[in-house]
Amino acid sequence: MSDKKFVITKGQAGVLSILMLLVFFLGACNRSASQGVHFASTSDPGVNNATINNGPPNSTAGPVVSYADVVSRVSPAVITIHSEMRVRAPQQYPFMDDPMFRQFFGDRIPQQVPEQRRSGLGSGVIISTDGYILTNHHVIDGAEQIKVDLNDNRTLDAKVVGSDPPSDLAVLKIDASNLPVLALGDSDKVRVGDVVLAIGNPLGIGQTVTMGIISAKGRQTGLSSGAFEDFLQTDAPINQGNSGGALVSTNSELIGINSQMLSPSGGSIGIGFAIPSNMARTVTDTLVKTGKVRRGQLGITVVRANSEPAKALGIKENKGVVVGMVQPGSAADRAGLKKGDVITSFNGGEVNDPNVFRNQVASTAPGTHVTLTILRDGREQQLHARLGELTPPAQRDIEQPQ
């Protein structure tokens, strides 16, 4: 067998070098594509249907995520509210205007401080095309004049349809039509970690959008005078003037009304609270129909089952809420509830949190017949009660019966 030798000319060597360079670059491009970040599409399970701009295909500048389309859809329905109220100084000399009184004291009577007016600033959300607006009770509390700045540069007078201090919600009405609206979403479906946008007019600088996530659900702060709190907590910056504004999902739905912030300095530190849209929907419907909210009441106080007060009553259960007191003559008393009973179910729904249970009872209309599943002496039984009506106290009582 004879050996064969292959001789490569200079021209062939040049062509071969070019081919090797092409293979190298093509391989590099393929590696870059296979190692790139996968951006979730809106068709993927569990992803909100937000419009997200990820930049041009195969861009090497990195993704550019934007919620501008969401903001453009929802921001026209978020407005600014101005309120004014009179502040009267105490009158130390009620007879100072009497001529006979002045005859004896002359000019020695000090002049009364003239009546002053205090202005308030907040935000609101248009929820109907014919001019119903949802905001916080504390934004318009005590106001004698309310004006609304729309996003089309109109300023209109607003009247109070109804206000509910316990939930810190109020409904206003302006004389307008064909207004942009923001649809109420289902706040029960909101998850911790969901991206949210807060829209309002902080400190009067103009409409502002901030972004964050849902940090927690079911929060009770005790900062307001209302006893019925079920806040969504968010780290989206909320400041003075944001009250009554919108907390929206990336689906362009209203999931909360911004209400409070927790701050030792008075500025945002990333702990803000919004009233969930489901509570707002219930309160709004009632205020529009009747002008006030009526709440059911059992007439008991409850504590968590695994709490120290429950252990002091000899309760060894780890589920439900424990009855700490029964108001004589109340709906609970007539139904046969006793101190130390463990309530595990309300109308078929599981009960484990005292605040959630309080809100469930309160959101049920007075006069409604309800079923309670309880544990007494280790035995399960059902009791039936007809709810009474809660009369809000002049000042908030932490031990207010449910």
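The model it belongs to is predicted, so local features need pLDDT of at least 70, side-chain atom pairs count only at pLDDT 80 or more, and totals for chains, interfaces and linings use all residues. Residues are numbered from 1 along each chain as its sequence is written, and side-chain values use heavy atoms, with hydrogens and water left out.

**The chain as a whole**

- The protein chain has 8 helices and 20 strands; helices (H or I, at least four residues) and strands (E, at least two) are DSSP runs, numbered from the N terminus.
- The chain has 402 residues, and 39% of them count as buried.
- Take the contacts (heavy atoms within 4.5 Å) in the chain with a separation of 6 or more: 62% of them are between residues 24 or more positions apart.
- The accessible surface comes to about 22,900 Å², and carbon and sulfur atoms hold 53% of it; such areas come from the Shrake-Rupley method with a 1.4 Å probe, and for residues only the protein chains shown count as cover.

- Leaving aside neighbours within four places in sequence, glycine 272 is in contact with Leu232, Gln233, Thr234, Ile238, Gln260 and Met261.
- Leucine 232 sits 40 residues away from glycine 272 along the chain, yet their C-alpha atoms are separated by 8.3 Å.
- Alanine 246 belongs to strand β10 (residues 246–249), and its relative accessible area is 0%, so it is buried.
- Not counting residues up to four places away in sequence, alanine 246 touches Val78, Val125, Leu182, Leu197, Ala198, Ile199, Leu254, Gly256 and Asn258.
- Between the C-alpha atoms of alanine 246 and glycine 200 there are 6.7 Å, though the two are 46 residues apart along the chain.

**Loops worth a look**

- Asparagine 178 isn't a glycine, but it has a positive phi of about 55°.
- Asparagine 178 lies in the loop between β6 (169–174) and β7 (195–200), and it counts as exposed because its relative accessibility is 72%.
- Leucine 203 also has a positive phi, near 60°, and is likewise a residue other than glycine.
- The loop holding leucine 203 runs between β7 and β8 (208–219), and with a relative accessible area of 60% this leucine is exposed.
- Serine 128 is in the loop between β2 (116–126) and β3 (132–135), but at 16% relative accessibility it counts as buried.
- The side chain of serine 128 makes a polar contact of 2.6 Å with the side chain of aspartate 130; a polar contact is a pair of N or O atoms within 3.5 Å, and within protein one must be able to donate a hydrogen and the other to accept it, while residues adjacent in sequence count only if both atoms are side-chain atoms.
- Setting aside neighbours within four places in sequence, serine 128 is in contact with Leu179 and Val181.

**The largest pocket**

- The largest pocket has a volume of about 680 Å³, a volume being the space filled by probe spheres set on grid points that are joined across faces, edges and corners.
- On a 1 Å grid over the protein atoms alone, a pocket is an open set of points where a 1.4 Å probe fits, with protein on both sides within 12 Å along at least five of seven lines; lining residues have an atom within 4 Å of a point.
- Its lining is made up of 27 residues, and Asn278, Met279, Thr282, Asn359 and Ser363 lie nearest the centre.
- Elements giving two or more residues to that lining are β8, α5 (277–290) and α8 (354–362), with the largest share, 6 residues, coming from α5.

- Threonine 284 is in helix α5 and counts as buried at 7% relative accessibility.
- Not counting residues up to four places away in sequence, threonine 284 touches Ile127, Leu134 and Val171.
- Helix α8 is largely enclosed by the rest of the structure, because 7 of its 9 residues are buried.
- Those buried residues of α8 are Pro354, Asn355, Phe357, Arg358, Asn359, Val361 and Ala362.
- Aspartate 353 caps the N-terminal end of α8, with a side-chain oxygen 2.9 Å from the backbone nitrogen of asparagine 355.

Note on methods: Buried means under 20% relative accessible area, exposed over 50%, partly exposed in between (1.4 Å probe, protein chains only).
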